[in-house]
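Please look over the structure before reading the points.

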Amino acid sequence: MSETITNPAELNLTPAELAPYIQHTRIESTATRDDMIAHAKEAVTHGFNAAMVSASWVPVVAAELAGTGVGIATALDFPTVGVMTSAGKAAEAAEIARLGATQLDIGVQIGWLKSGMYNEFREDIAGVVRASGLPVKVMLELPLLTDSEKEAAVELAMEAGVSFLKNSSSGQIEIANPTSVRYLVDRARDGVQVKASGAIKHHQQALDLLRAGAVLLGTSAGVEIVTGTADDSTTSY
């Protein structure tokens, strides 16, 4: 399990003080080696919780972040979730950990859940937890689920041993909001925490999510948020 992160719900954080709760995200197919090194350096400069990058760039980013205290996060079975085999996902998870990642966000098998294949859904997640040995965050894609499916997904994910529940994979599925965060927080067992993700792009939105109970925020607009330069035109995934 990951170290429990202090919940900042009662704090009135300034933009700069949000940095330790932000996972600085850059997952783009056109990003170059220089881009990823610059991204890692930004994570150190601003004191972000982690640099979230594509798995193929983990070794480069891990080398850049060595000794800085900034985490190396990546995503698996993403951006379209639930398309990998369970064996393939577990094997990739083990390789990702070997390459130096310290955190892992994963897609889940939404179709299996909707088919009532609960054992398979849970074991798909558990296989990644076992193979990686890393704190695993599940991207539950809440807007795609019925009320009963949401309840089942949360319980099965926790039974599988995840460290974090996550509302969505990106802003294409859901704009992160306090309602979804509180839903997950209310159901999280001791030791399980909540990460919010999806088009987080300014200080007030980030603060509202933390006050709702999230302890991590995934966003590609981290620099704009912590420097107070974000506005309605800022883009984020």
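Predicted model: local features only at pLDDT ≥ 70, side-chain atom pairs only at ≥ 80, totals over all residues.

**Salt bridges**
- The structure contains 13 salt bridges.
- Side chains of opposite charge can pair when their charged atoms come close.
- R26 and E28 form one of these salt bridges, with an N to O distance of 3.3 Å.
- R26 is partly exposed at a relative accessible area of 25%, and E28 is partly exposed at 31%.

**Salt bridges of K89**
- K89 forms a salt bridge with D77, where the closest N and O atoms are 2.9 Å apart.
- This pair links distant parts of the chain: D77 belongs to the loop between β3 (71-76) and α3 (86-99), K89 belongs to helix α3, and the two are twelve residues apart.
- K89 also forms a salt bridge with D124, with the closest N and O atoms 2.7 Å apart.
- K89 is buried, with 0% relative accessibility.
- D77 is buried, with a relative accessible area of 4%, and D124 is buried, with 1%.

**Contacts with rings**
- The charged end of R187 sits over the ring of Y183, 3.6 Å from the ring centre.
- The charged end of K150 sits over the ring of Y183, at 5.9 Å from its centre.
- Across the whole structure, the search for aromatic pairs finds zero.

Terms used:
Residues numbered from 1 in each chain as written. Heavy atoms only, no water. Phe/Tyr/Trp six-rings, centres within 6.5 Å; stacked < 30°, edge-to-face > 60°. Lys NZ or Arg CZ within 6 Å of the ring centre and 35° of its normal. Salt bridge = Lys/Arg side-chain N within 4 Å of Asp/Glu carboxyl O. Buried < 20%, exposed > 50% of the residue type's maximum accessible area, 1.4 Å probe, protein only. Helix = DSSP H or I, 4+ residues; strand = E, 2+ residues; numbered from the N terminus.
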